[in-house]
Amino acid sequence: MAASAKPHDDNLNAAPMLGDHLALDLLNTEARNDDKTVEYWHSDADVLRWLAQHSIVPAAGGGAFAAGELLAQAKALRSLAKGLISAFKAGKSEDISGLNEYLHAYHSALHLARDNDGKLALSRIASGTTIASLLGPVAEAVAQLLVEANVELVKQCEHPDCILWFYDRTKAHKRRWCSMALCGNRYKAAQFRKRSSS
């Protein structure tokens, strides 16, 4: 499964962050451009950059893993998440044991800190620099989506060339596009050209 990369051709090195949920942004690390899959992850460094964009960063000194291992595990988690989220959306039951392996390997600790307004906020931080520590928050986001999300609000872009996912947080829950500025406008332009040529 992929997603429309056409609107993102100017920056093919950065996966679009349009999902409004970490689990859906995970799925959006693959895209589609003219029926060809666009892969945003080609190295451990690509995965680390994506994690940093989502405020998941390894402790100082980087990760404790062999070259290519983070990339392989991240892609495996993405594939697992696609199957689980697609099944969730279709109302089907799927084997969750693979996701539990990621969750069980994730070691974290509660952390109390002040937020931007000076109020106390409780969060969870990874313990260590292992792959499980890096991918654990992502696996947790997938699990939370499956447990807490309104299935009707988990959507894919309606543009025929796009399969980016998003969580519809709009007030009326009528969001149709990964981005109105990208796919919404492309679709409207295509429809206008179709009507004009008739």
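The stops below follow salt bridges.

This is a predicted model: local features need pLDDT of at least 70, side-chain atom pairs count only at pLDDT 80 or more, and totals for chains, interfaces and linings use all residues. Residues are numbered from 1 along each chain as its sequence is written, and side-chain values use heavy atoms, leaving out hydrogens and water.

**Before you start.** Side chains of opposite charge can pair when their charged atoms come close. A salt bridge here is a side-chain nitrogen of Lys or Arg within 4 Å of a carboxyl oxygen of Asp or Glu. The structure holds eight of them.

**Stop 1.** Select Asp20 and Arg175. Their side chains form a salt bridge, 2.8 Å from N to O. Asp20 sits in the segment before helix H1 (22-27) and Arg175 in the loop between strand S6 (165-167) and helix H6 (180-196), so the pair ties together parts 155 residues apart in sequence. Helices (H or I, at least four residues) and strands (E, at least two) are DSSP runs, numbered from the N terminus. Asp20 is partly exposed at 39% relative accessible area; Arg175 is buried at 16%. Buried means under 20%, exposed over 50%, partly exposed in between (1.4 Å probe, protein chains only).

**Stop 2.** Select Glu30 and Arg78. They meet in a salt bridge at 3.4 Å, N to O. Arg78 lies in helix H3 (residues 69-90) and Glu30 in strand S1 (residues 30-33), so this pair ties together parts 48 residues apart in sequence. Arg78 is buried at 4%, and Glu30 is buried at 13%.

**Stop 3.** Lys82 is buried at 10%.

**Stop 4.** Salt bridges with shared partners join Glu30, Glu39, Lys75, Arg78 and Lys82 into one network.
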